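I opened this entry to get my bearings. My notes follow in the order I looked things up.

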Amino acid sequence: MAAHRKPPQRPLTGHTVRTAATLALAGAATVTCFDGTGHADPGPTPSQVKARVQTLYREAEAATEKYNGVKEEADAAQRRLSALQDETARRQQRLNTARNALGSLAAAQYRDGAIAPAWQLALSSDPDRYLDGAALAERAGDRQAAAVSRVRRELGEIERLRGAARVEVRSLRFRQAELRRQKKTVTGKLDEARRLLARLTPRQRTEVTDADASAGRASRSAADPREPLAGSVPAPSGRAAVAVAYAYGKLGSPYVWGATGPHAFDCSGLVQAAYRAAGLALPRTSYAQINAGRRVSRSELRPGDLVFFYPGISHVGIYVGGGRMIHAPNPSAPVRLAPIDQMPFAGATRVA
C-alpha cells in the first residue's frame, strides 16, 4: 500500500502576500460596515423633516376627526342605553306593583273558597243577598283579569326594552373599539412627529414648526376683534360676529387633539366652541360641519363663515376677513391667524 504523504507547501511569493493582505483589509472593511462602526448615513434634512412632519400632522388630524365622530356616536349610544335602563327600571317597578295587586286578588279568592256559583245559590239562606254578592264577585274577576293583563303588558315591554338595550350595548362596544383604534393611530403619528423634531436643533425646530408664526403674531398684534380686517366686510349676523370675537379671544390657546375648550382645542373643536358661545350647536367633526349650513363660494366669504381644507375635509377654520382665518393648526402651533391660502381650499359654509 502506498504511503500517504502531505503535498509539499510552496513558499509564499511577494505577489501572494500582497493579495492576501488586500483581501484581509477588504474583509475588515466589510465587517466594519456591518457592525455599525463605519460612517452612518446622514439624517434627514430640516426640509425633509418638515415635509414628513406636516404629512404626519395631516394624517393625525384626519384620524382625530374620525375619532371625534366616533366619540360623538359612542356618547349618543351611551345616552340611549342609559335612557333604556331607566325606562326598564320604571317598568320593573310597575310590574312589581301589578304582581302585588294580582297576588292580593288571588289571596282573597283563596280565603273565600272556590265553591261553584250554582251550589252557593242553592245553599244560600238569602238568595237575593247571594245574587248581589255574585255580581260583586264577577266584578272582582274582571279586576283580576285586568291585573293579569297589566302584568303581561309590563313583562312584554320590559323584554322589548332589554332587547333594545342589548343592541345598544353591542353598538357601544363596537364604537369603543373603534375609538381605541383611532386613538392609537393619532398618538402613533404624533409620537413619530415628536421623534423627528427631537433630532433637530432648537433653531431648526422653530423653522420647521413655526414657519408662519411671525405672520400670525403680527396679525394678532395688529388686529382688533372689534374692527374689521382690511379688505373684509361685516359679519352676516350677530351670531357670526360673536363666534369671530370668541375665536379672537382664544388666540394663543394650545392645540390638543380631541379638545373643545375652553382652554385647548383641535380645529373642529374651536369652531364648535365659538358657535356654542354664539348660541348655535354645530356638529363635532369638520366633515359634518361643512354640511351644517349653506355652502358659499370663496368669493362670497364673510367673517364667521367656516372654511375647510384638504380633499377629506380634515381641517376647518373660522374666516375673519381679509383673506385670513383663525384656526387651531396642530400640536406644534397654538390657535392663530393665518391666510386661507396656506392650505388646499376645499369649500366654505355659512352657518349663521
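What span should the 12 residues of helix α7 have, and how far apart are its end C-alpha atoms? I took residues 238–249 at 1.5 Å a residue, and 16 Å is the span to expect. The end C-alpha atoms of α7 are 17 Å apart, which agrees.

**Entry 1: the whole chain**

I note at the start that this is a predicted model. The chain averages a pLDDT of 79, and 69% of the residues score at least 70. I marked residues 15–38, where the pLDDT is below 50. Beyond near neighbours in sequence, that stretch has three contacts in the model. I also marked residues 214–228, again with a pLDDT below 50. This second stretch has 12 contacts beyond near neighbours in sequence. Where pLDDT is low, the predicted coordinates should not be read in detail.

I then listed the elements: the chain has nine helices and six strands. Of its 352 residues, 34% count as buried. I also looked at contacts between residues at least 6 apart in sequence. Of these, 68% join residues at least 24 apart.

I went back to α7 and asked which of its residues are buried. They are Ala240, Ala243, Val244, Tyr246, Ala247 and Tyr248. An α-helix has 3.6 residues a turn, so residues three or four places apart point the same way. The buried residues of α7 pack against helix α8 (267–277) and against the strands β3 (315–321), β4 (324–327) and β5 (336–339).

α8 came next. It is mostly covered, with nine of its 11 residues buried. Among them are Cys267, Leu270, Val271 and Tyr275. Just after α8, I found Gly279 with a positive phi of about 85°.

**Entry 2: the loop between α7 and α8**

I looked up Asp266, which is found in the loop between α7 and α8. Is Asp266 buried or exposed? It is buried, with a relative accessible area of 0%. Its side chain reaches the backbone nitrogen of Gly258 at 2.9 Å.

I checked the peptide bond from Gly261 to Pro262: it is cis, with omega near 5°.

**Entry 3: aromatic pairs**

How many aromatic pairs does the structure hold? I count three. In one of them, the rings of Tyr67 and Trp257 have their centres 4.9 Å apart and their planes at 75°, so the pair is edge-to-face. Tyr67 is in helix α2 (residues 46–112) and Trp257 in the loop between α7 and α8, so I read the pair as a link between distant parts of the chain, 190 residues apart. Tyr67 is buried, at a relative accessible area of 15%.

Next I looked at Phe309 and Phe345. Their ring centres are 6.0 Å apart and their planes at 80°, so this pair is edge-to-face. Phe309 lies in strand β2 (residues 306–309) and Phe345 in strand β6, so the pair ties together parts that are 36 residues apart in sequence. Phe309 is buried at 0% relative accessible area, whereas Phe345 is partly exposed at 26%. I also found the charged end of Arg298 over the ring of Phe345, 4.9 Å from its centre.

**Entry 4: Thr349 in β6**

I stayed in strand β6 (residues 345–350) and picked out Thr349. At 0% relative accessibility, Thr349 counts as buried. Which backbone oxygen lies 2.7 Å from a polar atom of the Thr349 side chain? It is that of Ile290. I also noted Arg294, 55 residues away along the chain, with its C-alpha atom 5.4 Å from that of Thr349. The residues touching Thr349 include Gln289, Val296, Asp305 and Phe308.

**Entry 5: the loop between β2 and β3**

Last, I checked backbone angles. Tyr310 is in the loop between β2 and β3. Its phi is near 75°, a positive value in a residue other than glycine. Tyr310 counts as buried at 16% relative accessibility. Ile313 is in the loop between β2 and β3. It has a positive phi of about 50° although it is not a glycine. Ile313 is buried, with a relative accessible area of 14%.

Conventions: Residues are numbered from 1 along each chain as its sequence is written. Side-chain values use heavy atoms; hydrogens and water are left out. Helices (H or I, at least four residues) and strands (E, at least two) are DSSP runs, numbered from the N terminus. Buried means under 20% relative accessible area, exposed over 50%, partly exposed in between (1.4 Å probe, protein chains only). Contact means heavy atoms within 4.5 Å. A polar contact is a pair of N or O atoms within 3.5 Å; within protein, one must be able to donate a hydrogen and the other to accept it, and residues adjacent in sequence count only if both atoms are side-chain atoms. The expected span of a helix is 1.5 Å times one less than its number of residues. Rings of Phe, Tyr and Trp (its six-membered ring) pair if their centres lie within 6.5 Å; planes under 30 degrees apart count as stacked, over 60 as edge-to-face and the rest as tilted. A charge sits over a ring if NZ of Lys or CZ of Arg is within 6 Å of the ring centre and within 35 degrees of the ring normal. pLDDT is the predictor's confidence in each residue, from 0 to 100.
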